[in-house]
Amino acid sequence: MRDIPIELLDILRAAQSVAVLTGAGISSESGVPTFRDAQTGLWARYSAEELATPEAFAQNPELVWNWYAWRRSLVAGAQPNPGHAALASMATHFARFDLVTQNVDSLHQRAGSRDVIELHGNISRIKCSRGCGAVTDFAADETPPPCRQCGAYLRPDVVWFGEMLPSQALAAAIQAARQCDAFFSIGTSALVYPAAELPLMALDAGATVIEVNPAATPLSARASFVLQGAAGIVLPALLDALLA
Ligand code: OAD
């Protein structure tokens, strides 16, 4: 990674309000595979996009349940990495700091970030697939277990392709994007909407947009700064440079 540009440090030192959008890339250094990486092992025959849909769950609930159970066990064994930790520290240096994530793994919270805006739910929760509102625990042998209230299958409390995002979280994320001075897009392929719209909203509102990613994305050409590299390296370096 190149040094952090001085112009960017000047902008950040003057910024009152910073918003951040993270994606699966920030958790990859914790050992949680991203969505668009090829899957390995048991799951090599499937793409994540094929499994994370209401149609896949309707057609083969056991397959989808087991895939999420596998991801849940990966997440449970994972530790937040220096990228997560740097964001938790950065929050304390700005008058306002909004952290919006597409991740469902709680690693930001476990690194100490507060009030994380979760756009795509959380893998540690489950809910009734019929929407009866019951909340249940995981103590069941069936895959997937039935809802104790209405008997429909339980499912992970995450957003699948084609489903609406939780409206409060989306509204909070849009507000953060529209009012910030600087917006970071970190570890996301910037392909999945509406999350991918957030940096564009920030740009339209006049914010400086910074992308952190080892690979180019559709956002790269429009971002004000592209910090090419792994979040676990770039973000601690940025924090050090800011505090120097
Ligand atoms: P993707 O898997 O689409 O993209 C991960 C991004 O992280 C890629 O652009 C990688 O280049 C980048 N990356 C990999 N390692 C990195 C690292 N160490 N540091 C920084 N970046 C790194 O994941 P998302 O963009 O999060 O939604 O995917 C968006 C949504 O699509 C997910 O929330 C999920 C998925 O399907 C739903 O399930 C609704």
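This is a predicted model: local features need pLDDT of at least 70, side-chain atom pairs count only at pLDDT 80 or more; totals for chains, interfaces and linings use all residues.
The largest nonpolar core has 29 residues. Those with the most contacts inside this core are L87, F184, I186, L235 and L238. Both helices and strands build it: α1 (6–14), α6 (82–90) and α10 (231–243) each supply at least two residues, as do β1, β2 (96–101), β6 (182–186), β7 (208–212) and β8 (225–227). The helix α10 gives the most, with 7 residues. L238 shows what such a position touches: leaving aside neighbours within four places in sequence, L238 is in contact with I4, L8, L9, L12, M90 and F184. Apart from this core lies another, of 22 residues, with L21, L165, A177 and M201 among them.

Strand β1 covers residues 17–22, and S17 is part of it. S17 counts as buried, at 5% relative accessibility. Residues up to four places away in sequence not counted, S17 touches R96, Q179, C180, D181 and A182.

The cysteines remain. How many disulfides does the model hold? The count comes to 0. For C128, the nearest cysteine sulfur is that of C150, 3.5 Å away. In turn, the nearest cysteine sulfur to C150 is that of C128.

How values were computed:
Residues are numbered from 1 along each chain as its sequence is written. Side-chain values use heavy atoms; hydrogens and water are left out. A disulfide is a pair of cysteine sulfur atoms within 2.5 Å. Helices (H or I, at least four residues) and strands (E, at least two) are DSSP runs, numbered from the N terminus. Buried means under 20% relative accessible area, exposed over 50%, partly exposed in between (1.4 Å probe, protein chains only). Contact means heavy atoms within 4.5 Å. A nonpolar core is a set of buried Ala, Val, Leu, Ile, Met, Phe, Trp, Tyr and Cys residues joined through side-chain atoms within 4.5 Å.
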